[in-house]
Amino acid sequence: QCSESSEQLQLMKSFFGENHKYCEYAPAQTDADGRRTYPDVEGRCAEIEARARSLSDYFDGLLGFSQGANFATMLAARAERCLPGALS
């Protein structure tokens with residue numbers, strides 16, 4: 001779920017409206033240089049990988065939009081590097 005006070009959530013609602021279910025994989029923060037960062041990104045990736053493994057009979061790949069695209073890219077990179085716990 002998204003924090004209602006999240007500036008990213010408010011931005012998404014300004015584009016897509018109030019009548020959607022919004023969720024985030026990790027609460028995004030903005031650093032001093034204006035870049036978006038995710039605290040505990042390794043832990044969040046591990047949670048997504050565990051969830052994907054539990055659903056492995058139901059999908060063949062990952063596709064993401066916005067933050068989901070960021071995490072899909074990180075998961076693919078982790079798999080490519082054969083990191084512990086990464087999807088295969």
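Mentor: A residue counts as buried under 20% relative accessible area, as exposed over 50% and as partly exposed in between, with a 1.4 Å probe and protein chains only. The model is predicted: local features need pLDDT of at least 70, side-chain atom pairs count only at pLDDT 80 or more, and totals for chains, interfaces and linings use all residues.

Trainee: In what order do the elements of the protein run from the N terminus on?

Mentor: Helices (H or I, at least four residues) and strands (E, at least two) are DSSP runs, numbered from the N terminus. The protein has three helices and two strands. From the N terminus on, their order is α-β-β-α-α.

Trainee: What percentage of the residues in the protein do buried residues make up?

Mentor: The C-alpha trace spans about 35 × 30 × 15 Å along its principal axes. Of the 88 residues in the protein, the buried share is 26%.

Trainee: At what angle do the axes of helix α2 and helix α3 cross?

Mentor: Axes are lines fitted to C-alpha atoms, for helices over the stretch in contact, and angles run from 0 to 180 degrees between N-to-C directions. Angles under 35 degrees count as roughly parallel, over 145 as roughly antiparallel, 65 to 115 as roughly perpendicular and the rest as oblique. Helices α2 and α3 are therefore roughly perpendicular to each other. Their axes, for residues 41-54 and residues 67-80, come within 11 Å and cross at roughly 85°.

Trainee: How many residues of the contact of α2 with α3 are charged?

Mentor: Contact means heavy atoms within 4.5 Å, and it is made here by Val 41, Glu 42, Arg 44, Cys 45, Ile 48 and Glu 49 of α2 with Phe 71, Met 74, Leu 75 and Arg 78 of α3. Ala, Val, Leu, Ile, Met, Phe, Trp, Tyr, Cys and Pro count as nonpolar, Asp, Glu, Lys and Arg as charged, and the others, Gly among them, as polar. Six residues of the contact are nonpolar and none is polar, and the number that are charged is four.

Trainee: How far apart are the end C-alpha atoms of α2?

Mentor: The expected span of a helix is 1.5 Å times one less than its number of residues. The 14 residues of α2 should therefore span 20 Å, which agrees with the distance between its end C-alpha atoms, 20 Å.

Trainee: How many residues make up the largest nonpolar core?

Mentor: A nonpolar core is a set of buried Ala, Val, Leu, Ile, Met, Phe, Trp, Tyr and Cys residues joined through side-chain atoms within 4.5 Å. The largest one holds Ala 26, Ala 28, Tyr 38, Cys 45, Ile 48, Phe 71 and Leu 75. Helices α2 and α3 each supply at least two residues of this core. The core's total is seven.

Trainee: Is Glu 49 buried or exposed?

Mentor: Glu 49 is found in helix α2. Leaving aside neighbours within four places in sequence, Glu 49 is in contact with Leu 75, Arg 78, Gly 85, Ala 86 and Leu 87. Its relative accessible area is 1%. Because that lies under 20%, Glu 49 is buried.

Trainee: What is the relative accessibility of Arg 78?

Mentor: Arg 78 is found in helix α3. Not counting residues up to four places away in sequence, Arg 78 touches Glu 42, Cys 45, Glu 49, Leu 83, Pro 84, Gly 85 and Ala 86. Arg 78 counts as buried, because its relative accessibility is 9%.

Trainee: Where is Tyr 38?

Mentor: Tyr 38 counts as buried, at 15% relative accessibility. Apart from residues up to four places away in sequence, Tyr 38 touches Ala 26, Pro 27, Ala 28, Gln 67, Asn 70 and Phe 71. Its place is in the loop between β2 and α2.

Trainee: What is the phi of Asp 40?

Mentor: Most residues other than glycine have a negative phi. Asp 40 is found in the loop between β2 (36-37) and α2, and it is exposed, with a relative accessible area of 54%. Although not a glycine, Asp 40 has a positive phi of about 55°.

Note on methods
Residues are numbered from 1 along each chain as its sequence is written. Side-chain values use heavy atoms; hydrogens and water are left out.
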